[in-house]
Amino acid sequence: MKKRKLKQIIGFSLLRISVSIAIFALFSILYFIVVRGAGVINLEFFTSMPREGMTEGGILPAILGTFYLAIGAILFALPLSVFAAIYLSEYARQGRLIRVIRLGVNNLAGVPSVVFGLFGLAVFVKFFGFGVSIISGALTLGILILPTIIRASEEALLAVPRSFREASLALGATKWQTIRRAVLPSATPGILTGAILGVGRAAGETAPILFTAATFFITRLPSSIFDEVQALPYHIYALMTEGTHPDLQVPIAYGTALILISLVLLINLVAITIRYRIRKEKRW
Amino acid sequence: MTKEIFIKRFFLFFALLSIFFLAGIVFVLFKEGISLFTRVNIIDFLFGKSWYPTHTPAEFGILPLILGSLLVTAGALVVAVPLGIGSAIYVSEIAKPGIRDVIKPLLEILAGVPSVVYGFFGMVIFAPFIQNLFNLPTGLTAFTASVILGIMALPTIASIAEDAISSVPVSFKEASLSLGATKWETIVRVIVPSAMSGISTAIILGMGRAIGETMTVLMVAGGSAIIPHTFFQPVRAMTATIAAEMGETVVGSMHYQSLFAIAIVLFMLTLTFNIIADFISQKFKKKMTGGL
């Protein structure tokens, strides 16, 4: 009996250690980036252009670039994803077609991010002739985040009780009226959560924009969607691998990393909070 | 009535877009990459030991890159599988509700950290630490990349495994406990075996995540395109090769084609993982709904 109890104590300790390592990893990443990045950040860091070959000045173009790319990606991906999710949850019947569609969504989610970059390079940059630009990067990122938003939207639609649909149909509404007036409004917060998570993902991705949108150095802010941009994630990478003054570039990379991680975590936190609230409060 | 049919078709069109994009990716990779094989034998490509795409004569053997990818992925799994599954069991079986409500969001945050930030952390903090610890000429090694990749894949594995574990019927647990088994015995002999297919799916998807990860291996693994002999030497993965070299290539050159050809190999690998994962979870769904 004692031996079995001892086994349990050891087993539980191992499980606790697993979780502790994961949490420790998270906090050590946050700790170093916050402590070393905070010293670099001031108002000028947000609002001024880089100077002296990236060794001084701020990161305004990278902040704006990431904003343009993430917003562009979500504008493209959100309508497509919601329409796809409506089909999957409202129209599709169990069968081969829906199996194939779902397999497509799952596999698209598993495609390595750098492969999306190659796709964007061949299709948007070259074939459509958009060049290395905001539009090429935003479309590439948009395709990358499709599965995330489709899944979240589908989950949100499926969570709307059947009785809502039945009540609406029983009152004589058509299927489309039912979806538009009874189902979609109730699913909106969930769909929004998915969209926010998608924005966070798009803002943090580097590999898809390497050859489609990002550049290390621009002297003026982009003026159209066909201009190339700096972006926060790419900026970190470039500061660490290019340039001639690593000693001056690494502190800027810390500052950039702190801004990127704060941005992404804030976005995720908003999404997670909305989701927990929906799950806790909504009792139809 | 025709309007309703039109609306249904409208939505179907968008539902099919994912498949369309997936097919588009396959098409583009083959279109840009396949002509390499008119000049390089596919066997020499896959099993050639030297990757010198810019030398004259150029050599396009990607075996070192494949092995680099496999090595860091295997290393990442050694880290991520026990820790991820351990975390999943802890969260779903042991943690009190209050603690669970803290840990689950923290794991989601870990999953949300951008890969370039992991790479950056690896370069400036973890690699120097490893270099000093093992007294190595460089801290940018397969081992370093494995550990960082493992931490990245951990939340993926934990979240899917946790879904599987918490969907094990309570009656299984109650039956085991009422027979006098301890909580730990119930976890090891009843809960984990019942959730095994979900856990396998989690591992395979974590593997896909690790092998497809780009920025971390690009920044942390060191980047030597030689066949690795130990964990403590620099390696270059397939993803990192594409990311590092595409910028320097001339569109349509053999080097350009060879990078797309690498992407074909990479895509096939991740596609296989995903299909296996899908197959297992589908089978699992049938078993659970059919048997209970």
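Here follow questions and answers on a predicted model.

Residues count from 1 along each chain as its sequence is written, and chains are lettered from A in the order written. Local features need pLDDT of at least 70 and side-chain atom pairs 80 or more, while totals for chains, interfaces and linings use all residues.

Colleague: Which elements does chain A have, and in what order?
Modeller: Helices (H or I, at least four residues) and strands (E, at least two) are DSSP runs, numbered from the N terminus. Chain A has 10 helices and two strands. From the N terminus, the order is α-α-β-β-α-α-α-α-α-α-α-α.

Colleague: What percentage of the 284 residues in chain A is buried?
Modeller: Buried means 20 or more other C-beta atoms within 10 Å of the residue's own, with C-beta atoms placed from the backbone. For the 284 residues of chain A, the buried share is 50%.

Colleague: Which helix gives the largest share of chain B's side of the contact with chain A?
Modeller: Contact means C-beta atoms, placed from the backbone, within 7 Å. Chain B supplies 69 residues and chain A 70. On chain B's side, the largest share is 10 residues, from chain B's helix α2 (residues 17-33).

Methods:
A residue is buried if 20 or more other C-beta atoms lie within 10 Å of its own, exposed if 12 or fewer, and partly exposed in between; C-beta atoms are placed from the backbone. Two residues are in contact if their C-beta atoms, placed from the backbone, lie within 7 Å.
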